[in-house]
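Reader: I am new to this structure and would like to know what stands behind the terms used for it. Could you take me through them with care?

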Amino acid sequence: MTDTLIEQADRLVAAGRVGDAAALLHAAGDSGDVDALFRLAAWQLIGDPLPRNVPAAYALLSRARMIGHVDAALMEIALTANGSAGPDDWTRALSLLTGAAGADPVAAEQLRLVRAMRLTTDGKPVTQPAPRPVSEQPHVRHFPALLTADECVHLARTADPLFEPASVLDPASGRRVRHPVRNADEAAIGPAREDLVVRAINLRIAAASGTDVAAGEPLTILRYGPGQQYRPHHDAIAGVANQRAWTMLVWLNDGYAGGETRFSPSGLTVKGRRGDGLLFRNLLPDGRPDPAAQHAGLPVTAGHKWMATRWIRQAPLDLWAS
Ligand SMILES: O=C(O)CCC(=O)C(=O)O
Ligand SMILES: [Fe+2]
């Protein structure tokens, strides 16, 4: 019984016998147990209880996918497209998704959304999203209808099981910590969950902002209920070398009250429609944080506000380093 095997492995881990647990799962995997392969892959992606080893995890996911494990296939597709285990390969990822879509409704829905986009063979948008200037100081650009309604729904659905109370990056430890500056729920869509819809959206945001997709932090979904807000803050992080140069916000829904985005120093206040993007620059030309880029998400007064945030660094960052 697979359950028993996984439980047995978990018990070994709890007893500090990680090597024995891994050996047990490897033996089961070698005789075709897909759940054992998937669990081993997950351990090596998370980096706990085994050391992080993304290429090894990727190989295990491929084996599990070939035996018919759909979640393994979806993760393999994400890692293939975003280059977590070798050069990024949109074409191969798309062909894997096409293969998975025959048997799996989740994959089929992703494929439907991707096919509705006009993309190059690299998954980039064929046409450049067109900005409208909003402000020069701070530097703010509005991208009407950057995402379709279906894409907004997809992001919300992807984030839904991942929500946690929002946190901020602690410059001292580099870890995420709870902070009263921000009391919404948030969900970061990390590289193992960056399905092709999310990947194409991240590539579109990179095209819109003129940045390298590899400089983007994981796309993060924020959900604010009544009374929730993000108090005035800078997205730039004190003391980091690879600074957050840009932020792209995308409104994922309409129909709530309050919740405008306000640049506190100038009072510039914006509220987009579902699917609209708002790009702003966090840094001055000399690389220091731009005081004018300080901003807040004002309190929501009725309904829920759903928003996607992509913080974009000055240079590529390793999403697996931590
Ligand atoms: O919710 C908003 O309007 C702002 C969100 C924000 O500032 C951020 O995600 O960095
Ligand atoms: Fe912000």
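Reader: What makes strand E6 and strand E7 a pair?

Author: Two strands pair if DSSP finds at least two bridges between them, and 5 bridges join E6 (residues 185-189) to E7 (residues 219-224), so the two count as paired, and they run antiparallel. Strands here are DSSP runs of E with at least two residues, helices are runs of H or I with at least four, and both are numbered from the N terminus. The model is predicted, and local features need pLDDT of at least 70, side-chain atom pairs count only at pLDDT 80 or more, while totals for chains, interfaces and linings use all residues. Residues are numbered from 1 along each chain as its sequence is written, and chains are lettered from A and ligands numbered from 1 in the order in which they are written.

Reader: Why are E1 and E3 called edge strands?

Author: The open sheet has 8 strands in the order E1-E2-E13-E9-E16-E7-E6-E3, with antiparallel pairing, and strand E1 (132-135) and strand E3 (164-165) each pair on one side only.

Reader: How do you know which residues surround ligand 1?

Author: A residue is near a molecule if its C-beta atom, placed from the backbone, lies within 6 Å of it, and the residues around ligand 1 include Leu-222, Tyr-230, Asp-235 and His-295. E9, strand E14 (295-297) and E16 each supply at least two residues of this shell.
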